Amino acid sequence: MELHDNYGIGAFFVVVLSFFAWFMLRFNEWRFVRGMHKAAAGTRLPPGSMGLPLLGEMIDFLRCFKYSKTPDLFIAKRKIRYGDTGVYRTHLFGSPAILTCSPEVNKEILHSSIEEGKFSAGWPSSGLLLGSSSVGVVDGLLHKRLRRHLMEAFNSPKALALHLASAQPMFISALEQWVSKGKIVAYNETKAITFRNICDVLVSFKSKTLLDTMEADYRGLMAGLRAMTINVPGTAFHHAINCRKNLNRIIAEELRERKLMCTTDHEKKHDDFMQILIDSTDADGNKLGEAEVIDNIVALILGGYESTSDVMTWALYYLAKYPHVLDKLKEETRSIRMHKPEDELLMAEDIKSMKYTAKVAEELIRLSNVSPFIFRKVVRDDVVINGYKFPKNWRVLVWIRSIHVDSQYFPDPLAFDPDRWENFKAKPGIYSVFGSGQRYCVGNNFARTQVMMFLHHLCLNYRWELLNPDAGFAYQPHPKPEDGAEMAFGRAT
Ligand code: HEM
């Protein structure tokens, strides 16, 4: 073969590869954005990139969250590349999306009213895995109605009393078990007790075999919620659908038993959140249907399981690293105990008086930053915010994480400083760990109380030391110390 023939073949491949690279980079832009820039003046698409076909910008997302472990770089890079607009276009989790990260825009989206009808709930795989009657999935008046029932179940004095009575003995017994183990991985231990606690408070389930089965199903369900929605045997999504069916069956069986018991023995009602939900009526005297009770019990366990346990792991981590905070916490704990008989559990009025503990809990919740963003979907074709078009059917990622660690709003943001909460009043859109507006977390008081109870019993009689104090952090699926906070755990002398 002649030399010039080799050059010709080489040049051909360079041209083909260049075309392929150009095609890959332009395809999503062409597919999703074509024509949209020609929209009316003042309604342009936000700046950004639609990434690669199918994957969109998932590679960069995983690079920041999973591999380089610098999650806040994801937003910082976009600010540098496209300007500090606080609104960017992207393609993530299998869908074209608008990403918002300024307090004003986040607030406008989260507080958008039902009447405006601009946004709906937007979890990628919602109905199948979360349940079509779940509060996290339904919209509009149906959502409003469901929330009323849930708020009654969560915010009644009876609910708080149930929570206090169930969680504390469980925490105390778990802490004693940790002492006998001597060495624990906090991440695993706090997950185990949180799951048992939430199942007890919500549905009075205590059987170890049943709880182990349910926990495995919940793990499968959560893995499916984070996976690609490919329903083929062998995929995480397919497995999650089966887990969801198992959970439905367990809760439905419990509901049937309760109905039977209710007709035969009125005195034998359960004392738990499920019963409060079953009995609750709206202003017109209507009760929830069977599917609504099942879907929402599954949703509540899902919402309250990993979120709260993550905060408890961080409690052990940060208190080990900041002994002066631990000392102050112990001081308040002792002063609470001084006014109570030795073995008496915390009561509602004790929780109200634990001012410093509340600040420690809030700071832990901020730093845990459990939800990096909140999903919504655009449901009207004329949604414009700050002059940027939000195309119909695109997903919205309301990015809350980066604001919680922004020094503009939280000085020295990565420091664990409970005192920052003294007289702190954040403007709407700045502190949204529990979301904001119509879908504000129904379990926020439950989570806060749970963390406060845990802190109280933890610092009363125990000591602990991180075995790898310099371990880095992991951020997928939730932030945690990379080693799960491995520690030596014992009784305080
Ligand atoms: C530290 C703990 C927690 C954090 C950080 C957290 C965070 C959030 C966030 C950000 C939302 C808003 C979602 C949205 O706007 O679409 C939310 C909603 C929700 N959370 Fe939580 N959560 C926590 C604990 C809990 C607990 C303990 C429960 C129940 C036991 C719970 C149940 C729910 C439910 C049912 C919703 C849906 C509300 C709705 O769509 O109207 N969460 N949570």
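What percentage of the 493 residues of the protein count as buried? I looked this up before anything else. I found that 51% of the 493 residues count as buried. Buried here means under 20% relative accessible area; exposed means over 50%, and partly exposed lies in between (1.4 Å probe, protein chains only).

**Ground rules**

I am reading a predicted model, where local features need pLDDT of at least 70, side-chain atom pairs count only at pLDDT 80 or more, and totals for chains, interfaces and linings use all residues. Residues are numbered from 1 along each chain as its sequence is written, and side-chain values use heavy atoms, with hydrogens and water left out.

**Entry 1: the whole chain**

I counted 17 helices and 12 strands in the protein. Helices (H or I, at least four residues) and strands (E, at least two) are DSSP runs, numbered from the N terminus. I put a box along the principal axes; the C-alpha atoms fill roughly 95 × 55 × 50 Å. The radius of gyration is 25 Å, which agrees with the value near 23 Å that a compact globule of 493 residues would have. That radius is taken over C-alpha atoms, and the globule rule is 2.2 Å times the number of residues to the power 0.38. I then turned to contacts (heavy atoms within 4.5 Å). Among those between residues at least 6 apart in sequence, 72% join residues at least 24 apart.

**Entry 2: the ligand**

I listed 25 residues around the ligand; His143, Arg147, Arg376, Arg439 and Cys441 come nearest. A residue is near a molecule if one of its heavy atoms lies within 4 Å of it. The shell divides into 13 nonpolar, nine polar and three charged residues. Ala, Val, Leu, Ile, Met, Phe, Trp, Tyr, Cys and Pro count as nonpolar, Asp, Glu, Lys and Arg as charged, and the others, Gly among them, as polar.

Next I checked polar contacts (N or O pairs within 3.5 Å; within protein, one atom must be able to donate a hydrogen and the other to accept it, and residues adjacent in sequence count only if both atoms are side-chain atoms). The side chain of Arg147 has an N or O atom 2.6 Å from a ligand oxygen. For Arg439 the corresponding side-chain distance to a ligand oxygen is 3.0 Å. A polar backbone atom of Gly303 is 3.5 Å from a ligand nitrogen. The elements giving two or more residues to this shell are α6 (140-155), α12 (290-321), β5 (373-378) and α17 (444-461). With six residues, α12 gives the most.

Which residue is the protein donor of the iron atom? I found only Cys441, through SG at 2.3 Å. Donors are N, O and S atoms within 2.8 Å of the metal (3.2 Å for Na, K and Ca); water is not among the atoms, so sites may look incomplete. Cys441 is in the loop between α16 (401-404) and α17.

I placed Arg244 in helix α10 (residues 236-264). Arg244 is buried, at 4% relative accessibility. The Arg244 side chain reaches the backbone oxygen of Leu129 at 3.1 Å. Beyond four places in sequence, the contacts of Arg244 include Asp295 and Val298.

His270 is in the loop between α10 and α11 (273-279). I read 24% relative accessible area for His270, so it is partly exposed. Among the residues it touches beyond four places are Ser204 and Glu254.

Val293 is in helix α12. Its relative accessible area is 2%, so Val293 is buried. Leaving aside neighbours within four places, I found Val293 in contact with Leu255, Met274, Ile278 and Leu288.
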